[in-house]
Amino acid sequence: MSEIHDPASVAHPTPRIDGEDKLTGRARYTTDWQVSGMLHGYPVPATIAHGVLGALELDEARAMPGVVDILHHRHFPRLKRSPNSMKHGDQVSEVRLPFEDERIYYHGQYIALVVAETFAQARAAALRVRARYRREHDVRPGLLASDAEGETVDHYSRGDPDSAFAAAAVTHDATYAIAPESHVPLEPHVTLAEWRDAEHLIVHESTQGVFYERNALARIFEMPAERVEVIAHYIGSGFGNKLFMWPHAVATAAAARLLGRPVKTVLPRQQDMMNGGHRPASRQRLRLAADRDGRLLAIRHDSTSETSLIDRHVDACGGATPSAYACDNVATVQRLLAVNHGTPCPMRAPGEVSGIFALECAMDELALALDMDPLALRRRNYADRDPQRDLPWSSKQLDVCLESAAARFGWAARDPRIGAMREGDEIIGYGMAAATWFAGRQHCQARVEIRADGTLLAACGTQDIGTGTYTIVAQAVAELTGVPVASIAVRLGETGLPAGPLSGGSMTTATVLPAVAAATRDALDALRDVAVGPGSHFAGHDPASLEVAQGALMAEGKRSGFAEILARHRLGSVSGQGSAAPGGERRQYSFRSFGAHFVEVRWDPGISRLRVARVVSSIDVGRAVNPLAARNQVEGAIVMGIGMGLLERLDYDPRDARLINANLADYRVPVHADMPDVDVELLDYPDFRFNEFGARGIGEIGLTGIAPAIANAVHHATGKRIRELPITIESLLDSH
């Protein structure tokens, strides 16, 4: 692996190569796909959260115009479950098959699928399906309405935190909570399934993992994986709820096979929010201990998060805690509580964003107890190497992030007294938090073709979920060939292409680009072999002696363009294959990304208005392959963090666990009026120990740390320490 030190295309701000297609509507999202003879599916959700489906009254719905069939428990093929293995690439979001039995585990669970000639007809008929239930009243309420701790599913310990806590001069002990949160992607879940000759299944899906869905469908329908094709060219975001397949996709594929016609199911927003995944609620107890100088002596982080009654999803809140700060005595415990809610799933920065909220709020509270600047406390406990794994960091510039963001924000001018900073009717609060997210890589394959018309094609099965993967792949090829980005076509999001990774966990860039680089070099080697053949400018040269520059091969003053070489030998193209995978680097180094967020809030008690006015962030992700898109990722994460901190909450009725606000009228998300001034700095410290591009992922790191920085700023402005997200006006007005 050769390091790319002198970027030509990589690390240069580059407009998205798919931008024009998206702006003009040429980009076809799954919702846009239409095929001949297509039917439309519309699921029928349960209206209770716990009980048994007694009977379905279907006559009225069946008699409505356009209705072709209604699938349900007593009218559905017997299918197999997916093994649900991350290791074997067939994980699903919900193991239970659609209509598998008549038990109801959560509000919104599918009890039927109406299939009709048009979407409107399917929807109208679905609203006429009547269900009778045997309601059961021993409902398991959500975590935040319960004192239950759940079962222990994971733990970590070093040193003796209990003894250190008991002997410490200064301690802090508090419990923090986070409400369940919806992903609310712009494009809801969509599946279009088509069977050809009853042997070949083609699925267009809005998914972050085409290969995982292909493998799971193959297991479920008992067919070879090569007979299942999953396509996802464009995805209108997912934030984690589209990583793995949901039951509506299985029901749609089953309906298409049963009826012998393609079936398309577009989930309405309500169902997307009820049974398309969410960030689970969590409750976390943080115990910190320090000496009088602010040196951490102990950290205990005990977490409980929700899961459903039918699946075990663990939101590992303590994942970042053991490596966040230098401390000899650390323990984390993760518990899981099953409740009558839909199955949760990963949501942007899963686990760690929740845990960092609790940890970074606790650090501020400890700083207050120490009468110490919160920034100084974090500097005091800076971890120069990973204390969890006792390994050096591959690259860590958190200290640079803290210093740079603090200076740009004006932290030194902060008056530490509560409510002391004012402007007009508004009280100003300053808060800050550190941020971190693990850096990971997966296995990947790619193909690159050099074509006789002077263009290149790069292909990989991974998908672009709106983050700019098409563009960075083109940048990587341009970097190695000298061919302009505009002359490089990129194909993604098809299981017929070389196997690519999930688009999640901030791993796509670091995973895909090394494979693309390997394929590009292989294609260039194939071109070199052609170029030294008889009749060529380079006949008799050693292929390895031919250098590459600006879309041409060169040696000893001779130059021949790629297209010229292929034309001379009457070849339409040459191609190269490449693959990449994690190696032994993780035994030598710890890999993480880091950041710092500084937030200004303004509180007007006269009109009870709280707003985030300003955010200043510095982010260390190694090298940003495309700073234009990377900065946009962080800006978007900051907006999500404002939603998490101040607005977003899925509300379940504690009496019967029904989801109350599964719509965009009652579920509040940030809008343009909520946008603060945002200043994002991307440091440029390439991490060549991680990959040749020096790049780590950026999707998650921008979100971790925003919510606690807001909470810390709110406390500085109001004196109210709100330990439950979202921070509401009601909680600020509460006198207790």
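User: Where is the place of Val 669?

Analyst: In this predicted model, Val 669 sits in the loop between helix 15 (627–647) and strand 29 (677–682).

User: Why is Val 669 called partly exposed?

Analyst: Its relative accessible area is 30%. Buried means under 20% and exposed means over 50%, with partly exposed in between, so Val 669 is partly exposed.

User: Thanks! Now to a sheet. What is the order of the open sheet of 6 strands?

Analyst: The order is 7-15-14-13-8-30, and the pairing is mixed.

User: What makes strand 7 and strand 30 stand at the edges?

Analyst: Strand 7 (151–158) and strand 30 (724–725) each have a single partner strand, so one side of each lacks a neighbour in the sheet. Helix 9 (residues 352–370) packs on this sheet, touching strand 8, strand 13, strand 14 and strand 30.

User: How do you know that strand 7 pairs with strand 15?

Analyst: Pairing needs at least two bridges, and 7 bridges join strand 7 to strand 15 (residues 330–339), so they count as a pair. These two strands run antiparallel. One place to look is His 155, whose bridge partner in strand 15 is Val 333.

User: What joins strand 20 to strand 26?

Analyst: The answer is 8 bridges, with strand 20 (residues 444–451) and strand 26 running antiparallel. Cys 444 has Ala 580 of strand 26 as its bridge partner.

User: Which residues form the covered face of strand 26?

Analyst: Val 574, Gly 576, Gly 578 and Ala 580 do, while Ser 573, Ser 575, Gln 577 and Ser 579 form the uncovered face.

Conventions
Residues numbered from 1 in each chain as written. Predicted model: local features only at pLDDT ≥ 70, side-chain atom pairs only at ≥ 80, totals over all residues. Heavy atoms only, no water. Helix = DSSP H or I, 4+ residues; strand = E, 2+ residues; numbered from the N terminus. Buried < 20%, exposed > 50% of the residue type's maximum accessible area, 1.4 Å probe, protein only. Contact = heavy atoms within 4.5 Å. Axes fitted to C-alpha atoms, helices over the stretch in contact; angles between N-to-C directions.
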